[in-house]
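Please keep the viewer open as you read.

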Amino acid sequence: MGDQWIEQMQIDRLPNGRDQSFYHVLVEDKSVRYVAEENIHILYTQPSSSLMRLAGKYFKRWDPETRRFVSNVKDEYPDD
């Protein structure tokens, strides 16, 4: 993101500041946000039913063993 966004969001006040990865994330309220890696935490329980419905548009299923959503990409693009 640009300097204006970095200043507006006070990125340099975060412990890891701009020296970390940022991710677009799908949030349970159905919004998409740009999140600093230090603010992302592993989900240790199965996601709520509303998040499961929303994630179902993008992922095949939730894997409780790895605590991750399983991607649909390999199904859609098996030769990649």
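## The annotated domain

The unreviewed UniProt entry places the feature "domain: Hemimethylated DNA-binding" at residues 2-65; UniProt positions follow the numbering used here, feature names are shortened, and annotations may be inferred rather than shown by experiment. This is a predicted model, in which local features need pLDDT of at least 70, side-chain atom pairs count only at pLDDT 80 or more, and totals for chains, interfaces and linings use all residues. Residues are numbered from 1 along each chain as its sequence is written, and side-chain values use heavy atoms, with hydrogens and water left out.

Across residues 2-65, the end C-alpha atoms lie 38 Å apart, and the span is 20% helix and 23% strand. Helices (H or I, at least four residues) and strands (E, at least two) are DSSP runs, numbered from the N terminus. Glu-65 sits in the loop between strand S3 (59-63) and strand S4 (68-71). With 72% relative accessibility, Glu-65 is exposed; the scale used here calls a residue buried under 20% relative accessible area, exposed over 50% and partly exposed in between (1.4 Å probe, protein chains only). Between Glu-65 and Tyr-44 the C-alpha distance is 9.8 Å, although 21 residues separate them in sequence.

Tyr-23 has Val-35 in S2 as its bridge partner.

Which residues make up the largest nonpolar core? Its 5 members are Trp-5, Ile-6, Ile-11, Phe-22 and Ala-36. Such a core is a set of buried Ala, Val, Leu, Ile, Met, Phe, Trp, Tyr and Cys residues joined through side-chain atoms within 4.5 Å. Leaving aside neighbours within four places in sequence, Phe-22 is in contact (heavy atoms within 4.5 Å) with Trp-5, Ile-11, Gly-17, Tyr-34, Val-35 and Ala-36.

Is Gln-20 buried or exposed? Its relative accessible area is 12%, so Gln-20 counts as buried.

The side chain of Gln-20 makes polar contacts, defined as pairs of N or O atoms within 3.5 Å; within protein, one must be able to donate a hydrogen and the other to accept it, and residues adjacent in sequence count only if both atoms are side-chain atoms. One goes to the backbone oxygen of Gly-17 at 2.9 Å, and another to the backbone nitrogen of Glu-37 at 3.4 Å. Not counting residues up to four places away in sequence, Gln-20 touches Leu-14, Ala-36, Glu-37 and Glu-38.

## Salt bridges

Side chains of opposite charge can pair when their charged atoms come close. With a salt bridge taken as a side-chain nitrogen of Lys or Arg within 4 Å of a carboxyl oxygen of Asp or Glu, the count comes to 3. Arg-18 and Asp-3 form one of them, at 4.0 Å from N to O. This pair links distant parts of the chain, 15 residues apart: Arg-18 is in the loop between H1 and S1, and Asp-3 is in helix H1. Arg-18 is partly exposed at 43%, while Asp-3 is exposed at 59% relative accessibility.

Arg-18 also bridges to Asp-12, with the closest N and O atoms 2.7 Å apart. For Arg-33 and Asp-29, the closest N and O atoms of the salt bridge are 2.6 Å apart; Arg-33 is partly exposed at 40%, and Asp-29 is partly exposed at 47%. Through shared partners, salt bridges join Asp-3, Asp-12 and Arg-18 into one network.

Note on methods. Two strands pair if DSSP finds at least two bridges between them.
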